[in-house]
Amino acid sequence: MRIIAISGGIGSGKSVVSRMVSVMGWRVYDCDSRARRLMDTSDEIKRRIASEISDSCITQDNEIDRQCLSGLVFNDAMALDVLNKIVHGAVREDFRDWCHRHADDGMLFVETAILYQSGMDSMVDEVWEVSASESVRIARVMMRNNLSEAEVKARIASQAAFTPTHRHPRIIVIDNDGEVALLPQVLSAVDGALLG
């Protein structure tokens with residue numbers, strides 16, 4: 001079984017590449033949506049948020065008060081680090097189980113914006129790094145999320161603030177600037193991955 005990460009910064013086009021491989025028939029694990037689902041359904045995550053961050057972030061109905069949680073963690077780097085450890089650990093475990101369930105597929109994909117921060121880099125055989133210029137990324141996110149240029153730049157800076165201590169040994173760069181056709185690059189990357 002071969003596991004490939006589709007990674008890149010906000011607005012780079014990871015989701016477009018993920019949809020392409022999904023349409024080709026390959027399974028894609030979306031870290032963002034799975035993390036949200038795990039946070040909504042895992043009593044263990046909620047228990048740890050209450051005990052390690054603040055019990056005020058868990059409502060009487062045992063739901064996460066996301067406004068409370070984000071207000072705490074984005075003003076406290078240590079609390080954010082604790083939350084990341086809780087959620088990243090749960091996502092890695094869920095991803096490992098998902099890979100075991102689909103091991104017969106031969107090739108699996110995982111979409112993640114935080115490959116190295118989450119520790120997912122050690123779980124994949126190859127990384128497809130989707131790239132686009134900052135100006136293209138800003139324009140895409142402004143249009144998609146109805147954000148100001150300053151808000152998008154802040155999100156890009158937040159992602160860029162983390163510098164990995166190492167790079168994955170096998171990286172394929174997919175240029176999604178709009179200058180080079182995307183589909184042929186993805187088809188070529190799939191062919192290369194199938195050949196190993």
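Contact here means heavy atoms within 4.5 Å, and helices (H or I, at least four residues) and strands (E, at least two) are DSSP runs, numbered from the N terminus. The model is predicted: local features need pLDDT of at least 70, side-chain atom pairs count only at pLDDT 80 or more, and totals for chains, interfaces and linings use all residues. Residues are numbered from 1 along each chain as its sequence is written, and side-chain values use heavy atoms, with hydrogens and water left out.

**Exercise 1.** Find the buried residues of helix H1 and work out what they pack against.

*Solution.* Start with the cut-offs: buried means under 20% relative accessible area, exposed over 50%, and partly exposed in between (1.4 Å probe, protein chains only).
- Step 1: in H1 (residues 14–23), Lys14, Val17, Ser18 and Val21 are buried.
- Step 2: these residues lie on the same side of H1, because they cover an arc of only 100 degrees around the axis. The arc is that of the directions from the helix axis to the C-beta atoms.
- Step 3: an α-helix has 3.6 residues a turn, so residues three or four places apart point the same way.
- Step 4: on the other side of H1, Arg19 and Val23 are exposed.
- Step 5: the partners of the buried residues are strands S1 (2–7), S2 (27–30), S3 (107–112), S4 (126–131) and S5 (171–175), together with H8.

**Exercise 2.** Now zoom in on Ser18: is this residue buried or exposed, and which residues does Ser18 contact beyond its neighbours within four places in sequence?

*Solution.* 
- Step 1: Ser18 belongs to helix H1.
- Step 2: with a relative accessible area of 4%, Ser18 is buried.
- Step 3: leaving aside neighbours within four places in sequence, Ser18 is in contact with Ile6, Val28 and Glu111.

**Exercise 3.** Repeat the analysis for helix H3 (residues 43–52).

*Solution.* 
- Step 1: Ile45, Lys46 and Ile49 are the buried residues of H3.
- Step 2: they share one side of H3, because their arc around the axis is only 100 degrees.
- Step 3: Asp43 and Ser51, on the other side of H3, are exposed.
- Step 4: the buried residues of H3 pack against helices H2 (31–41), H4 (66–73) and H5 (77–101).
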